[in-house]
Amino acid sequence: MAGNDEGVTTARLLHVDSFASAPFTGNPAAVLVLDREPGDEFGARAGAELNQPATAVVWPAGEPGRFGLRWFTASHELVLCGHGTLAAARVLLDSGAAEAGTVRFETRSGTLEARAMGEWVQLRLPSLPPQPLVDAAAADESPGEAAPGEAVLGEAVHHLLPVPVSAVLRNELDVLAVLGSAAEVRSAQPDLAALRRLPVRGLIITAPGPAGTGPDGAGAADFVSRFFAPATGIDEDAVTGSAHCALAPYWIGRLGRQPLLGHQLSARGGVLQVALDGDSVLLAGPALVLSEGSWQGPAG
């Protein structure tokens, strides 16, 4: 990033499709490479201007191979964004910025790591296992065991989905609803207005695979999912890395094996491989850099 006397910033700006093995699939992200940390107002305005599902803003953080990273939508700053991290990692790995094969990001969710895994990139993200919500009947029987509002939240999730829900769980970010089949996940139309009123970032819906074959013949999926987050300005996200911080521990625990292949059944679609390593989720997928240019806008 370079500035001039008129307060204009020139920086690298790239468009990346994350969790995509072909153009126009996966989840698009803008990557803005600066030479220092931006102010809050700059990041928010850049996210609004670029108007992508995520704009990843990165800058050097002192040591070789270490960078600061923040993520912005058109209306919000995100606490954790997997596909934006994958996009930033792809850009930095391609530019030779790794140290000992690894790029490290300092973020609001702690230190995240990325390394090349063949043609894919593997991220080390925090594991955020979801816990079952106490239903209304259980809360009535043992009210002291349910967190305040837990039964109400569980009932609300049941009501905003037009299909049977076998289980409702939550972590610190999202609620997760387990459906009976991939077909139900694909066709579900949750009540987004009702979801927007719930005290969570978003809703993950999921079911066992297989769901056919993932992009580039990756094989039958072990589980499928979709993700809705209208409160962040994204009614349905195309492919959501951070949602897999919940999906990975849930499905690995349920199926008793790893790694697993997940397929997010959005209109664009995307494939992800997940595994657990201690308190981390190892999340891998492809990413394509589709264009590169420069940002010439207000200085950060």
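The model is predicted, local features need pLDDT of at least 70, side-chain atom pairs count only at pLDDT 80 or more, and totals for chains, interfaces and linings use all residues. Residues are numbered from 1 along each chain as its sequence is written, and side-chain values use heavy atoms, leaving out hydrogens and water.

**Exercise 1.** Find the buried residues of helix 1 (residues 40-50).

*Solution.* 
- Helices are DSSP runs of H or I, at least four residues; strands are runs of E, at least two; both are numbered from the N terminus.
- The buried residues of helix 1 are Phe42, Gly43, Ala46, Gly47 and Leu50.
- They cover an arc of only 130° around the axis, so they sit on the same side of helix 1. The arc is taken from the directions from the helix axis to the C-beta atoms.
- Facing away from that buried side are the exposed residues Asp40, Glu41, Arg45 and Glu49.

**Exercise 2.** Classify the pair of phenylalanine 223 and tryptophan 251.

*Solution.* 
- Rings of Phe, Tyr and Trp (its six-membered ring) pair if their centres lie within 6.5 Å; planes under 30 degrees apart are stacked, over 60 edge-to-face, the rest tilted.
- Here the centres are 6.0 Å apart and the planes 10° apart: stacked.
- Phenylalanine 223 is in strand 14 (residues 223-229) and tryptophan 251 in helix 7 (residues 244-255), so the pair ties together parts 28 residues apart in sequence.
- Both phenylalanine 223 and tryptophan 251 are buried.
- Ring pairs join Phe223, Tyr250 and Trp251 into a cluster.

Note on methods: Buried < 20%, exposed > 50% of the residue type's maximum accessible area, 1.4 Å probe, protein only.
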